[in-house]
Amino acid sequence: MEDFGSDFITITDEDGVEYELEILSELDYQGAHYLAVVPASDADEEELEVSLLRADEEDGEPILSAITDTEELEAVYQLMMDQLYEDEEDSEA
């Protein structure tokens with residue numbers, strides 16, 4: 001995983017295909033770290049497809065994976081939404 005400053009990362013899937021993602025938000029929940037990301041190439045589009053990924057470490061390397069547990073996904077999604085709306089309210093004040 002390469003770091004492009006604070007908001008962009010490049011990930012490589014199992015097939016060696018690289019994707020550039022923009023990080024919208026990050027949070028820690030029950031001892032794990034999560035990222036809300038969108039494809040960087042779609043950042044200007046109205047309908048963004050947001051993905052929630054879990055960031056783990058394996059052999060010292062950061063590994064991003066999809067959240068497969070439905071309850072975990074719903075909890076993280078709700079926390080991300082609360083955090084995003086909190087940030088918007090803070091910037092409007």
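This is a predicted model: local features need pLDDT of at least 70, side-chain atom pairs count only at pLDDT 80 or more; totals for chains, interfaces and linings use all residues.

I checked which strand gives the most to the lining of the largest pocket: S6 does, with 6 residues. Strands here are DSSP E runs of at least two residues, helices are H or I runs of at least four, and both are numbered from the N terminus. Residues are numbered from 1 along each chain as its sequence is written, and side-chain values use heavy atoms, with hydrogens and water left out.

Still on the pocket. S2 (8-12), S3 (18-29), S4 (32-39), S5 (51-58) and S6 (61-66) each supply at least two lining residues. The lining has 22 residues, and Ile 11, Thr 12, Asp 13, Leu 53 and Leu 64 lie nearest the centre. I wrote down the pocket rule: on a 1 Å grid over the protein atoms alone, a pocket is an open set of points where a 1.4 Å probe fits, with protein on both sides within 12 Å along at least five of seven lines, and lining residues have an atom within 4 Å of a point. The space comes to about 490 Å³, taken as what is filled by probe spheres set on the points, which are joined across faces, edges and corners. By class I get 11 nonpolar, 4 polar and 7 charged lining residues; Asp, Glu, Lys and Arg count as charged, Ala, Val, Leu, Ile, Met, Phe, Trp, Tyr, Cys and Pro as nonpolar, and the others, Gly among them, as polar.

Next, the strand pairing, where a pair needs at least two DSSP bridges. S2 and S3 are antiparallel over 5 bridges, with Thr 10 bridged to Glu 20 in S3. Their hairpin leaves 5 residues between the strands, and Gly 16 in the turn has a positive phi of about 85 degrees. S3 and S4 also run antiparallel, joined by 8 bridges. In that hairpin there are 2 residues between the strands, and Gln 30 has a positive phi near 50 degrees. S4 then pairs antiparallel with S5 over 5 bridges, and Leu 35 has Leu 53 of S5 as its bridge partner.

How many of the 8 residues of S4 are buried? I found 6, so S4 is largely enclosed by the rest of the structure.

Last entry: Glu 72, in helix H1 (70-92).

Note on methods:
Buried means under 20% relative accessible area, exposed over 50%, partly exposed in between (1.4 Å probe, protein chains only).
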